[in-house]
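Q: I have not looked at this one before. Could you walk me through it, starting with a residue on the outside?

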Amino acid sequence: MNSVELINISKHFGSLMANDGINLKVRDNSVHCIIGENGAGKSTLMKILFGIYRPDSGEIRVNGIPAHFRSAHDAIKLKIGMLHQHFMLVEDFSVIENVILGNELSKGITLDFDKSRQAITGLIEKYNLSLNPDSKVSDLNVSEKQKTELLKLLYRQSEIIIFDEPTAVLSPVEVGEFFKIITKFRDEGKTIIVITHKLKEVREIADDVTVLRRGKSVYSVNRESLDIDVLAKEIVGELEPATALQKINMGNNDIAVEIENIVLDKGGVRKLDGLNMKLRKGEVYGVCGVEGNGQGEIADLIFGLEKYSSGKFITFSDLISLIPDDRIEKGMIKEFSVGENVILKNKNINIISKNLIAKTTSEIVSKYDIRLSDYNAPLQSLSGGNQQKVIFAREIELDNDILVFAHPTRGVDINASAFIHSVIISERNKGKTVLLISSDLDEIFFLADRIGVLYKGKIVREFSSNELSSKSEEDVDVLLEKIGKLMIGITVEE
Amino acid sequence: MDIFGYIISLSFLAQVLRLFTPYYLGASAANFSERGGVINIAIEGFMITSAFCYALFAVLTGNVLLSLFLAVTINILFSLLYSAFTIKLKINQIVTGVGFNLLMAGLAKFIMMLIFRSSSNTPRIESLPHIPFIADMPGIGKVLADYIIIFTFLLVPISQYLIYKTKFGLRLRSAGENPAAAESLGVNVRNYKLYGVMLSGFLSALAGIWLASNQNSFSDGMIAGRGYIAIAAMIIGKWKPWNIFWACIMFAAFEAFEISLQISGINFPSQLLQMLPYLITVLVLIGFIGKTKPPAADGIPY
Amino acid sequence: MELRLKNKLRENIISITISLILTLFITSVIILLIGKNPFDIFGIIISEVFGSGYGLGQALFKATPLIITGSALAICFHASLFNIGAEGQLNLGAFVMSLAAFYFSALPAYLLFPVVIILGFAVSAFWGYIPAIIKIKKGVSEVITTIMMNFIAMALINFLLIEFFAVKSTVRTEKIADWIMIPKLSAYFQFFQGSSVNLTFFIALALAFAVYFMLYKTKFGYYIKAVGFNETAAKYIGIKNNRIMLLSFLIGSGLTSLVGLNFVLGYKGYYEFGFSNNLGFTAIAVALLAKNNPIGIIFTSLLFGMLDYGGLTVNTVIPKEIMFVVQAVVILSILSVDKIVNNYFQSKD
């Protein structure tokens, strides 16, 4: 028996087919992982199942009965619950208040806090959640907030629970705890759907797996016949032959940026804790690490947005380009036109005429093959890919000495990734200093001359170009494993 | 007159209680709206409308209870209109508030001129009835014999209870703190915002009506920024009923002191005292006097 | 979608037209309700305003401070700074201007005027500096602080007047010397005979054009708008947000002081308590109605100026206070119609 069946679900946003005839069967009482790259359509599909989006076409069946959701409320009524990637908690409320909101227990018109506390404490003990129901949510850490979200679902007796990348925010130890909870849910008869893009997690918890790729469901398999290599291929699909990117050795590798023992606190939290880095001209320095270990602060530090409390920061040039991770929200003013966005960063221009805007626009549009219908149209009217292109084009055209790329290919399709990679290499080859921050190890391996592993605000180990240049496949595997361990704070024997 | 002797006298206390009443009603009106996430800087306008309508109908009908009913109704209708702008159409709440203030002040001026041919005040009207037995008590019995004053004092614990101990309060607060989270749990956020704004209309109506009744007329400029002082009291009171109560008492005491200074003929510039509520509010906002934090989603259309 | 954005201008024109028609309609209904003929009323207003140089001059005179304050506020609004403290800012500026012009009258003209303007500007700008710095340093919304600063300003002026500067048993300052007065337009054009409109009107026009140029043609203006649209993006683009916000607030509030030129130096010769009569709030409406475009603000100010003076001309038939109502109805109409038109076009995509 299937708890959930999604039949031929399609959903488009503008010209993008986010879901393109997806089929999914989730067995009762199982952990079903949905895996795929960024932008494969996982979150859209789950939001359809939870009633947040309505599909263009297709059918949803819950416990065999066709369901029509007008809002999340309808899904909740069918005992479907969703743990969102971003918490939906009222920070100013206690755990109890957050949990009971919408399903309050009352005596007359007075809220019955005693009874609520009893019920919630019961759940906390049963699932070993170790959480004080009377604490204020704003005082909780990330893992405790996630537990509060779990309590909301348990309190509503959700039978089908969707988790959207639940481990992204957790430490390795917390991930282990979390998996135990999920398994307990399953053993109790609940049905669990987990969205992820981590193969390791699939291997650990999945009873069934479905792979989504570019909006389609391309592969399904159960635990018994699970082969990680096959799965990995299905996720990526046929790779386009990577354009050979030739790195030219520049010879002159002067130091461009020197970061020594930088300590940086933000909102009372130590973000950088004795950071040491030297960036050189004509090289790509890759920073890898689990998100939230200080990546954002390094970028901000170099770009001059953050003040550090101690340490030494020297840069030979203040011509710095920063391509932020969320380019749509941070990289541009979407109400401005292409030309206006480009001019905005040009330090030499003070008077902005219509002609200047038109000239700037036409230069960049023709050079970078940006598609737009009207030069005066605001950037937000361009397709996502073209918007990204404008940002990269602008930063390159500035011809700055230092370029910081934060997660440059996040949310970008494969062709655009290839374009971005070639840009990064060609800038390096021009003698520019490139700092590449990415959580995608493959990307870092592919592009970086040196790699620094970032953990808790400092580089715990740096790999020189010699160490990285050993090309045998086994060596690479060993290296990857080493880096992986370092990223989660396990010291490796050298 | 001995000014210090006066301050500890019963008549000073009575004065404070009188001045306190419209402040607390107005502050409470602003608070219920903001707890649901809707900023209402038009409290001043709402108070003007209700004070004027009460006086207008009292003159026209001679029936103060009917006038009270009509004035409350009209204010609630205006609060519905305000909701249509801010909740339904999601128009910026500050701009809407400015517009409403201009509209309500303008309407009162215009209709007063039209009907009473006066730009300054309406003819004399009757006060609302007093509570019979208390009125005969010595001392401040006359003040306490006022239904609206008694209601205002009861409103403090009632608001505290309503906001923190009931389902209504929990949901209202969730609408002001994190409407998306509330909606995801099936709370009809917009309805609760609407209830908040309607309560705001109701309470500010009582404030205006009380002022007109107490002054036995409506006159241009009689609200005199009390709507804004009420908002200031709400901020200083950190959106909490009891704290707001103390803030209003403080402002009322300032004003009573200022009035007594004027009566006593002591030469002290009263404008400096008038400045105090606003100055204190700015200092509180800067963080000199405790930290203050509005509801997280206050003012953000949802 | 691209089409929609291209048609933003058309959308604006549609919504402004509809809201003006709506205002006209609501006003007509009010006039009908009190048993008068709306066409008669409109007829009187039009013939009085446009029928004589005096009428036109008075309308221009009323429009002048609106153009100044509206353009000044547009700078703040483009930076998404909700400065509703113009009332206090402009009163302080005008007050100080009147004092400067009175006490420094010994200075030669080429020194006196700059001193008067700079002092007025500085005081108004300082009054904007306080909420700006509180916003930047403490993250406190400027809305409440500017409201509070309005009241503090008015109480402060009242105090200073009564204790020090007022002419006995009045609420105004001493009259400044005649030679300091800004010439009336009637001195050059017989046409405006008797009207108070003065050279400040042209200063206001020049100001509106200058603000337009700054906002739409300079990098600084683009920075202001970028910060207003998206603070995070502006930061990552390399804009010093705090500096831009502070400057917008300083310039915006400082410029409001120039209304003192119109009233103090161009008309009465002294500062009078209550002269502004909600000007700081009406200017918000004027700017809003013009979508914060200073050229548009010239036209919306002229409309409001016409209503303001027009109200006086019909006072014998219908209380002039109706114009307060009409102005508020214009604001609320444009707010709601704009949103509805916007939603309509969005749903059509």
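This is a predicted model: local features need pLDDT of at least 70, side-chain atom pairs count only at pLDDT 80 or more; totals for chains, interfaces and linings use all residues.

Q: What is the phi of Arg214(A)?

A: Phi of Arg214(A) is positive, at about 45°, although the residue is not a glycine. As background, most residues other than glycine have a negative phi.

Q: And which loop holds Asn278(C)?

A: Asn278(C) is in the loop between α12 (259–268) and α13 (279–289) of chain C. Phi is positive there too, near 70° for Asn278(C), which is a residue other than glycine. Asn278(C) counts as partly exposed, because its relative accessibility is 34%.

Q: What does the model score overall, in ipTM and pTM?

A: The scores are ipTM 0.90 and pTM 0.88. For chain A the mean pLDDT is 86, with 94% of the residues reaching 70 or more, while chain C averages 92, with 97% of the residues scoring at least 70. In chain C, residues 1–5 have a pLDDT below 50, and this stretch has 12 contacts in the model beyond near neighbours in sequence.

Q: Where in chain A is confidence lowest, and where is it highest?

A: The lowest confidence in chain A falls in helix α17 (residues 473–487), at a mean of 76, and the highest in helix α3 (residues 95–100), at 96.

Q: Switching to the inside, how many residues has the largest nonpolar core?

A: That core has 218 residues, and those with the most contacts inside it are Phe218(B), Ile84(C) and Tyr271(C). Helix α2 (residues 10–35) of chain B gives the largest share of this core, 13 residues. There is also a second, separate core of 56 residues, which includes Leu111(A), Phe163(A), Leu231(A) and Leu185(B).

Q: Which residues form a nonpolar patch on the surface?

A: Leu22(C), Phe25(C), Val29(C) and Leu33(C) form one, and together they have about 390 Å² of accessible area. Val29(C) belongs to helix α2 (residues 8–33) of chain C, and it is partly exposed, with a relative accessible area of 34%. In soluble globular proteins, by comparison, nonpolar side chains tend to be buried together.

Q: Going over to chain B, where is Leu81(B)?

A: Leu81(B) is in helix α4 (residues 64–88) of chain B, and it is partly exposed at a relative accessible area of 36%. The C-alpha atoms of Leu81(B) and Met198(B) are separated by 10.0 Å, although the two residues are 117 residues apart along the chain.

Q: How about charges: how many salt bridges are there over all chains?

A: The count comes to 40 salt bridges over all chains. One of the pairs is Lys147(A) with Glu177(A), whose side chains meet at 3.6 Å, N to O. Lys147(A) lies in helix α5 (residues 142–155) of chain A and Glu177(A) in helix α6 (residues 172–187) of chain A, so this pair ties together parts that are 30 residues apart in sequence.

Q: Which residue forms a salt bridge with Glu260(A)?

A: Lys312(A) does, with the closest N and O atoms 3.8 Å apart. This pair links distant parts of the chain, since Glu260(A) is in strand β13 (residues 255–266) of chain A and Lys312(A) is in strand β16 (residues 310–315) of chain A, 52 residues apart.

Q: And what about Arg450(A) and Glu462(A)?

A: Their side chains meet in a salt bridge at 2.9 Å, N to O. Arg450(A) lies in strand β20 (residues 450–455) of chain A and Glu462(A) in strand β21 (residues 458–463) of chain A, so the pair ties together parts that are 12 residues apart in sequence. Arg450(A) is buried, with a relative accessible area of 10%, while Glu462(A) counts as partly exposed at 32% relative accessibility.

Methods. Residues are numbered from 1 along each chain as its sequence is written. Chains are lettered from A and ligands numbered from 1 in the order in which they are written. Side-chain values use heavy atoms; hydrogens and water are left out. pLDDT is the predictor's confidence in each residue, from 0 to 100. Helices (H or I, at least four residues) and strands (E, at least two) are DSSP runs, numbered from the N terminus. Patches are made of residues with over 30% relative accessible area and no salt bridge: like charges are joined within 9 Å, nonpolar side chains (Val, Leu, Ile, Met, Phe, Trp, Tyr) within 5 Å. Accessible areas come from the Shrake-Rupley method with a 1.4 Å probe; for residues, only the protein chains shown count as cover. A salt bridge is a side-chain nitrogen of Lys or Arg within 4 Å of a carboxyl oxygen of Asp or Glu. Buried means under 20% relative accessible area, exposed over 50%, partly exposed in between (1.4 Å probe, protein chains only). A nonpolar core is a set of buried Ala, Val, Leu, Ile, Met, Phe, Trp, Tyr and Cys residues joined through side-chain atoms within 4.5 Å. Contact means heavy atoms within 4.5 Å.
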